[in-house]
Amino acid sequence: MRCMVCEGLSLTHICQPCRHEHLRPTLTKRKILGNIPVYSFYNYSDIEPLLLTKHSDLGFYVYTLLGENALRPFAQAFECEGRVAALGIDEHVRHGYSHTALLVKSLASDVITPRHNMLRASSKDTYSGQNYQYRLLHPRRFSVGSFSEEEVILVDDIITTGLTLTQAAEALHREGKKVLACLTLADAEKKKS
């Protein structure tokens, strides 16, 4: 097969040299709800073609790799007293997998417990490609499942306006949970010109 990045021959979808050269995480940070940090690991324009694989079977391999490459090191370095739950934003299964569930799975560590299908949007409206006004008029209306951890890390693939993560964090706060941080692969608001 050929590497998706350099198109050279490879035994994996993205060869080791490209993983080290082109997929080295570059952490950026912004905040939602005034004080919740949102960490993004890549420049959106650098991995946009990889992010779009979530709409195909190939996305299973790509999102697994991106999770291992960026989120797993974060989880291994993360320190906290007590257990923290990692929750994916709306883990709908499409193409045989959920891309956010793959990212959440990569966070498993001594202190982080992946919790799946604990945060579901009752609205089926998609925000992909929609502007801020549309997103405001069509709230996701998240419901929260039952889990024991009081502290949470939220996970999504992309942050654009921050509204989805904000609505999810507000739903968790109503349930008495504390959102410590949000993790995304890329910040679409910080596209390179």
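Colleague: Is C15 buried or exposed?
Modeller: This is a predicted model, and the values below are computed from it. Buried stands for a relative accessible area under 20%. The relative accessibility of C15 is 10%, so C15 counts as buried.

Colleague: What is the strand order in the open sheet?
Modeller: The sheet has 6 strands with mixed pairing. Its edge strands, each pairing on one side only, are β1 (28-32) and β4 (112-115). From one strand to the next the twist averages 25°. The order is β1-β2-β8-β7-β3-β4.

Colleague: Which residue in β2 stands opposite K31?
Modeller: Strand β2 covers residues 36-43 and pairs with β1 in the antiparallel sense, over 5 bridges. Opposite K31, the residue in β2 is P37.

Colleague: At about what angle does helix α6 run to β7?
Modeller: Helix α6 (residues 163-174) lies across β1, β2, β3, β7 and β8. Its angle to β7 (151-159) is about 165°.

Colleague: Which side chain of opposite charge is nearest to D156?
Modeller: D156 sits in strand β7 and is buried. Its contacts beyond four places in sequence include I89, T100 and L183. A salt bridge requires nitrogen and oxygen within 4 Å, and D156 has none, since the nearest side chain of opposite charge is 6.2 Å away. That side chain belongs to R140.

Colleague: How many residues apart are K54 and D157?
Modeller: K54 and D157 form a salt bridge, with the closest N and O atoms 2.6 Å apart. Both K54 and D157 are buried. K54 is in the loop between α2 and α3, while D157 is in strand β7, and the two are 103 residues apart.

Colleague: Is R115 buried or partly exposed?
Modeller: R115, in strand β4, is linked with E149 in the loop between β6 and β7. Their side chains meet in a salt bridge of 2.8 Å, N to O. E149 has 5% relative accessibility and so counts as buried. R115 is at 26%, which means that R115 counts as partly exposed.

Conventions. Residues numbered from 1 in each chain as written. Predicted model: local features only at pLDDT ≥ 70, side-chain atom pairs only at ≥ 80, totals over all residues. Heavy atoms only, no water. Pairing = 2+ DSSP bridges. Helix = DSSP H or I, 4+ residues; strand = E, 2+ residues; numbered from the N terminus. Axes fitted to C-alpha atoms, helices over the stretch in contact; angles between N-to-C directions. Contact = heavy atoms within 4.5 Å. Buried < 20%, exposed > 50% of the residue type's maximum accessible area, 1.4 Å probe, protein only. Lys, Arg positive; Asp, Glu negative; His and termini not counted.
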